[in-house]
Amino acid sequence: IKMTRILLLLTVACLAVVQSQRFDYSPPRNPPTQPAEGQRCAGRNFNGRRCCTPEEPCGYGEGDCDGPGDGGANDGDAGCQGDLICGSNNCKKFGLFYHEKDDCCDVPESRLTTTETPIPLDVPLEPPANQRCRGRNYDGKRCCTPENPCDEGEGDCDGPGDGGLNDGHRGCKGDLVCGSNNCLQFGAYYHPKDDCCERPKPGSSNAGFSSGGVRQQSNSFGQWQDWSRCSVSCGIGKKVRSRYCQGSQCGKEGFHLKEDQEQLCEGFECNNINNFQ
């Protein structure tokens with residue numbers, strides 16, 4: 001009887017240790033700006049998309065995995081080790097080096113905290129009969145390509161907002177641009193992560209994004225930041241905005257870390273007496 005009790009106590013103790021280790025997962029308080037040395041999967045800015053696969057699953061905080069949140073054909077949670085699940089757009093909490101669309105392996109409880117994307121009213125529930133690209137729920141990801149570009153409201157395209165290797169706006173016809181998670185405005189049949197071709201928004205600029213040639217290389221640039229304030233309060237000045245290199249070769253072998261754009265602007269506070277002092 002004593003031996004049975006000892007074995008029972010040891011079993012309970014072991015289970016307690018395993019359980020405590022199981023719930024020891026927590027993202028860093030200060031997410032790092034660079035991946036840890038030896039980290040195999042560090043997101044699309046370093047390793048491309050879907051680095052975590054069923055054949056080579058990832059550990060906690062690694063990505064990009066191809067989970068249920070991506071819709072269409074996906075790996076489910078098989079790209080993550082053990083009972084970890086593939087999150088959705090959740091990698092930034094593990095490291096600032098990740099792209100905002102990267103999906104990382106996370107604890108099952110994290111899925112309980114996600115919210116569904118609301119579907120706009122007054123949009124069609126089914127795609128038109130003659131629509132070629134209807135999103136990943138019908139035609140898979142990246143139906144719109146430079147070889148066969150899409151019309152307005154069609155997707156999924158692979159644009160600058162996807163980071164890593166992408167087609168720029170060349171998957172869209174003419175002066176259309178590839179949006180980011182914007183397809184639901186065209187139809188409820190799209191997945192929330194589908195990117196559709198749309199008209200450029202007034203005042204937007206697509207300078208610096210790939211508009212021709214081959215797919216962008218492993219060193220890509222993030223989104224442009226907002227324009228700075230005009231450099232003068234009275235008269236003609238300039239305003240500046242920047243974007244930063246994302247990838248493992250940034251700053252190496254001639255790859256620059258930062259790009260700037262300048263634009264003329266005019267200040268109208270010319271009646272301020274401080275301008276004449």
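Among the contacts in the chain between residues at least 6 apart in sequence, 53% join residues at least 24 apart, a contact being a case of heavy atoms within 4.5 Å. This is a predicted model, so a few ground rules apply: local features need pLDDT of at least 70, side-chain atom pairs count only at pLDDT 80 or more, and totals for chains, interfaces and linings use all residues. Residues are numbered from 1 along each chain as its sequence is written, and side-chain values use heavy atoms, with hydrogens and water left out.

As for the overall layout, the chain has one helix and seven strands. Both kinds of element are DSSP runs numbered from the N terminus, with helices (H or I) needing at least four residues and strands (E) at least two. Read from the N terminus on, the order is α-β-β-β-β-β-β-β. Of the 277 residues, 39% count as buried. Here buried means under 20% relative accessible area, exposed means over 50%, and partly exposed is what lies in between, with a 1.4 Å probe and protein chains only. The chain exposes about 16300 Å², and carbon and sulfur atoms supply 53% of that. Accessible areas come from the Shrake-Rupley method with a 1.4 Å probe, and for residues only the protein chains shown count as cover.

Next come the disulfides, and a search of the whole structure turns up 12 of them. To qualify, a pair of cysteine sulfur atoms has to lie within 2.5 Å. One of the disulfides joins Cys 91 to Cys 104, with 2.0 Å between the sulfur atoms. This link is right-handed, with 115° about the S-S bond. Cys 91 and Cys 104 both sit in the loop between strand E1 (85-86) and E2, 13 residues apart, and both are buried.

Another disulfide pairs Cys 157 with Cys 178, the sulfur atoms being 2.1 Å apart. The link of Cys 157 and Cys 178 is right-handed too, with 95° about the S-S bond. It ties together distant parts of the chain: Cys 157 is in the loop between E2 and E3, while Cys 178 is in strand E3, 21 residues apart. Both of these cysteines are buried.

Further along, Cys 183 and Cys 196 form a disulfide with their sulfur atoms 2.0 Å apart. With 115° about the S-S bond, this link is right-handed. The two cysteines are 13 residues apart, and each lies in the loop between E3 and E4. Cys 183 has a relative accessible area of 0%, so it is buried, and Cys 196 is buried at 0% as well.

Cys 133 is worth a look of its own. It is found in the loop between E2 and E3, and it is buried because its relative accessible area is 0%. Leaving aside neighbours within four places in sequence, Cys 133 is in contact with Asp 139, Cys 143, Cys 144, Cys 150, Glu 154, Gly 155 and Tyr 190.

Rings of Phe, Tyr and Trp (its six-membered ring) pair if their centres lie within 6.5 Å; planes under 30 degrees apart count as stacked, over 60 as edge-to-face, and the rest as tilted. By this rule there are five aromatic pairs. In one of them, the rings of Phe 97 and Tyr 98 have centres 4.5 Å apart and planes at 35°, so the pair is tilted. Phe 97 counts as buried because its relative accessibility is 7%, and Tyr 98 does so at 1%. Another pair, Tyr 138 with Tyr 189, is edge-to-face, at 6.3 Å centre to centre and 85° between the planes. The two are 51 residues apart: Tyr 138 is in the loop between strand E2 (105-106) and strand E3 (177-178), and Tyr 189 is in the loop between E3 and strand E4 (197-198). Tyr 138 is partly exposed, at 36% relative accessible area, whereas Tyr 189 is buried at 5%. Ring pairs also link Phe 46, Phe 97 and Tyr 98 into a cluster.

Finally, Ser 242 has its place in strand E6 (residues 234-246). With a relative accessibility of 8%, Ser 242 counts as buried. Neighbours within four places in sequence aside, Ser 242 is in contact with Gln 223, Trp 224, Gln 225, Lys 258, Glu 259 and Asp 260.
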